[in-house]
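Please look over the sequence and the structure shown below before reading on. The briefing then takes up a surface patch, the confidence of the model, and a few individual residues.

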Amino acid sequence: MTTSILNTVSSIHSSRVTSIDRIGVLSLRNPDSVDFTRRRSGSSTLVFRSPGRRFVVRAAETDTDKVKSQTPDKAPAGSGSSINQLLGIKGASQETNKWKIRLQLTKPVTWPPLVWGVVCGAAASGNFHWTPEDVAKSILCMVMSGPCLTGYTQTINDWYDRDIDAINEPYRPIPSGAISEQEVITQFWVLLLGGLGIAGILDVWAGHTTPTVFYLALGGSLLSYIYSAPPLKLKQNGWVGNFALGASYISLPWWAGQALFGTLTPDVVVLTLLYSIAGLGIAIVNDFKSVEGDRALGLQSLPVAFGTETAKWICVGAIDVTQLSVAGYLLASGKPYYALALLALIIPQIVFQFKYFLKDPVKYDVKYQASAQPFLVLGIFVTALASQH
């Protein structure tokens, strides 16, 4: 529906409207009319009638020499990056190869934190040894957490976000029609069942009487589903949704790695859930680029609910305060060297927050994540080493 209306507006662009800077919120007020509400002054109104239907479109008029569209109909062929396409991040080139499109949907750029979480859990267990068997088990656990279950999570999230992406990034594979509905559904089922199957194999390999890894994988998959899918769609609530995402990226892979090689203890559960508050901050970073679509479809992400200026401070505050609290916990636990190491890793993160993210969270989000997040994940590893059992 949204695409067809946008195409209709485009077709009458030269005859009725001087230019359209941005089309406002799509609201379905009754079955017989569609109304795009303007956001700025200087609007013009277009009315379309067909048998049994009446279409009203309001668009803001601006000077095309001064303002460019912020949501192009397709990715610029010349500037799109093939590397970005394979990693599944913005600025990707358009692709027709179905396997490259499938890989793009899994967003490989999001796999490393999950893989690293498994490493942290294995380290925290105190029972990982550099033997071929332990290395093989850890690699299989990383495949489960990264390509399979994270790939499932990202694919299903893109599927249920296709209306938002049609506004924010209409050139992405699903809203652009580069991949069919059936192909997307098949992909997330294959990834989900593959991940759960690997979890079961790991439990058997580890000799578990209780299939702990399988339960963690199943719980994480359910959390991923209710995060993206109605009726719960946790991502509609900025606080709950982002914390759930943070827990999925930090706590669950850590728990899986630790359960695979040792015993999951209550203190580690509490510590990793605390670290998930930092994950909440990381999740907020990704919300800034989707403000227009989230607002249009009523999703209360934190940048929508509080505005971008307030939300960016909530974001960095969640990341920094969490790590400082963990450093304080390690110091109080009689582990001052680990606490000092964590503090040394927090300082460059704060520097990059002021250099990039706080300056412009939309323009510099990729630079900020590339520069600051390595220090965050190293801090998580330091905490894992300090928590060895």
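Which helix gives the most to the nonpolar patch? Helix H16, which covers residues 336-357, gives the most, with three residues; helices (H or I, at least four residues) and strands (E, at least two) are DSSP runs, numbered from the N terminus. This is a predicted model, in which local features need pLDDT of at least 70 and side-chain atom pairs count only at pLDDT 80 or more, while totals for chains, interfaces and linings use all residues. Residues are numbered from 1 along each chain as its sequence is written, and side-chain values use heavy atoms, with hydrogens and water left out.

**The chain as a whole**

- The protein chain has 17 helices and five strands.
- Buried residues make up 47% of the 389 residues in the chain, where buried means under 20% relative accessible area, exposed means over 50%, and partly exposed lies in between (1.4 Å probe, protein chains only).
- The protein chain exposes about 18,500 Å², of which carbon and sulfur atoms supply 63%; accessible areas come from the Shrake-Rupley method with a 1.4 Å probe, and for residues only the protein chains shown count as cover.
- Among contacts (heavy atoms within 4.5 Å) with a separation of 6 or more, 62% are between residues 24 or more positions apart.

**Confidence**

- The mean pLDDT of the protein chain is 80, and 79% of its residues reach 70 or more, pLDDT being the predictor's confidence in each residue, from 0 to 100.
- Confidence is lowest in strand E1 (residues 20-23), at a mean of 36, and highest in helix H9 (residues 181-206), at 97.
- Over residues 1-78 pLDDT stays under 50, and for this stretch the model has 115 contacts beyond four places in sequence.

**The nonpolar patch and leucine 340**

- Leu324, Tyr337, Leu340 and Leu343 make a nonpolar surface patch of about 450 Å².
- Patches are made of residues with over 30% relative accessible area and no salt bridge, with like charges joined within 9 Å and nonpolar side chains (Val, Leu, Ile, Met, Phe, Trp, Tyr) within 5 Å; a salt bridge is a side-chain nitrogen of Lys or Arg within 4 Å of a carboxyl oxygen of Asp or Glu.
- Leucine 340 is found in helix H16, and leucine 340 counts as exposed because its relative accessible area is 53%.

**The loops on either side of H16**

- Leucine 358 lies in the loop between H16 and helix H17 (365-386), and leucine 358 counts as buried because its relative accessible area is 9%.
- Leaving aside neighbours within four places in sequence, leucine 358 is in contact with Lys312, Trp313, Val316 and Gln353.
- Serine 333 is found in the loop between helix H15 (308-332) and H16, and serine 333 is partly exposed, with a relative accessible area of 37%.
- The side chain of serine 333 reaches the backbone oxygen of tyrosine 329 at 2.8 Å.

**Two buried residues within helices**

- Threonine 153 lies in helix H6 (residues 132-160) and is buried, with a relative accessible area of 12%.
- A polar atom of the side chain of threonine 153 lies 2.8 Å from the backbone oxygen of leucine 149.
- Serine 248, in helix H11 (residues 238-261), counts as buried at 14% relative accessibility.
- The backbone oxygen of alanine 244 lies 2.9 Å from a polar atom of the side chain of serine 248.

Notes. Polar contact = N/O pair within 3.5 Å; in protein donor to acceptor, adjacent residues only side chain to side chain.
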